[in-house]
Amino acid sequence: MLRTDTPPLLRALLALTLGCIASVASSGRLTPAEIAQTCAEADGGAHCGRLIETIQLQRLPGLARREGDSLLVALYPTGTATFTDLDDPIKGRSYSLWDSLDSINAVLLYTTSNDNTSFTLLQRASNRRTELPAEPQLSPDRQRLVTADICPKGCSNEIAVWRVSRDGVRKELAWSPGPTWIDAGAQWRDAETLAIDYAVAGQKSDTSVTRTLADPVWKRVAPN
């Protein structure tokens, strides 16, 4: 469950891992306890990401390597994708290896842009890159991702469902629950149903709601 008394950095990272036990997408995902322990003394999001990366480079040998400011990720079947950090007070950006989504042949990078954090999904077969606002959870049929980007300030305050294909990843459904929600996490119950845990301002305990993909509450996002 979500906690509203956790320090902001760790609270955000713990919220990103709500679905870690149920997800079949990951081969090396860290547990919330491991993230909390690893990043307890981190100096900001970029530092936390690099600490996580150190662990993941050992857990996922051969997938990526670090060369100074550059993270090199192995494409499949051949090639290399390079992500280079930018040390700039205005346009600063960093990339850290976060996880491998083997079942869709993709790699997830934790990305920071000054004080903002997001994730970059790299599809290894095509080198296609998709920016996601929060850590995605893969559906059991491996056809969709869901992200929950909810917080009091600086978030899109949106639950989004993304369609996965060889041609890329695109947003398919979106739902904004309103300003009373201050935190949320979503995971799949089955290929057509989501369980969403959320916290409301002033409410001590968290609440859960179930949403099917056919629910009319969703906004259908037209393909680009």
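**Basis.** The model is predicted: local features need pLDDT of at least 70, side-chain atom pairs count only at pLDDT 80 or more, and totals for chains, interfaces and linings use all residues. Residues are numbered from 1 along each chain as its sequence is written, and side-chain values use heavy atoms, with hydrogens and water left out.

**Overall make-up.** The protein has three helices and 15 strands. Both are DSSP runs numbered from the N terminus: helices are H or I with at least four residues, strands are E with at least two. Of the 224 residues, 48% are buried. Buried means under 20% relative accessible area, exposed means over 50%, and partly exposed lies in between (1.4 Å probe, protein chains only). Among contacts between residues at least 6 apart in sequence, 44% join residues at least 24 apart. A contact means heavy atoms within 4.5 Å.

Two strands pair if DSSP finds at least two bridges between them. The pairs treated here are tabulated below.

| Strand pair | Sense | Bridges |
|---|---|---|
| β1 and β2 | antiparallel | four |
| β2 and β3 | antiparallel | five |
| β10 and β11 | antiparallel | seven |

Strand β1 spans residues 64–67. Arg65 has Leu72 in β2 as its bridge partner. The hairpin of β1 and β2 has two residues between the strands, and Gly68 there takes a positive phi near 65°. On the β3 side, Ser70 stands opposite Thr84. The hairpin of β2 and β3 has five residues between the strands, with Gly79 at a positive phi near 105°. Strand β2 covers residues 70–74; four of its five residues are buried, so the rest of the structure largely encloses it.

**Leu86.** This residue lies in the loop between β3 (80–84) and β4 (94–101). Leu86 is partly exposed, with a relative accessible area of 46%. Not counting residues up to four places away in sequence, Leu86 touches Lys91, Gly92 and Arg93. Its C-alpha atom is separated by 7.9 Å from that of Asp69, 17 residues apart along the chain.

**The five-stranded sheet.** An open sheet runs in the order β8-β9-β10-β11-β15, with antiparallel pairing. β8 (137–138) and β15 (219–220) are at the edges; each has a single partner strand, so one side of each lacks a neighbour in the sheet. Within this sheet, β10 covers residues 158–165 and β11 residues 168–175. Ala160 stands opposite Ala174 in β11.

**Glu135.** The loop between β7 (128–132) and β8 holds Glu135. At 4% relative accessibility, Glu135 counts as buried. Its side chain makes a polar contact with the side chain of Arg29 at 2.3 Å. Another polar contact joins the side chains of Glu135 and Trp98 at 3.1 Å. A polar contact is a pair of N or O atoms within 3.5 Å; within protein, one must be able to donate a hydrogen and the other to accept it, and residues adjacent in sequence count only if both atoms are side-chain atoms.

**Cavity.** On a 1 Å grid over the protein atoms alone, a cavity is a set of points where a 1.4 Å probe fits but cannot get out; lining residues have an atom within 4 Å of a point. The count comes to one cavity of 30 Å³ or more. The largest cavity holds about 30 Å³ of space, a volume being the space filled by probe spheres set on the points. Arg29, Leu30, Ile35, Ile52, Gln56 and Trp98 line the largest cavity.

Methods. On a 1 Å grid over the protein atoms alone, a cavity is a set of points where a 1.4 Å probe fits but cannot get out, and a pocket is an open set with protein on both sides within 12 Å along at least five of seven lines; lining residues have an atom within 4 Å of a point.
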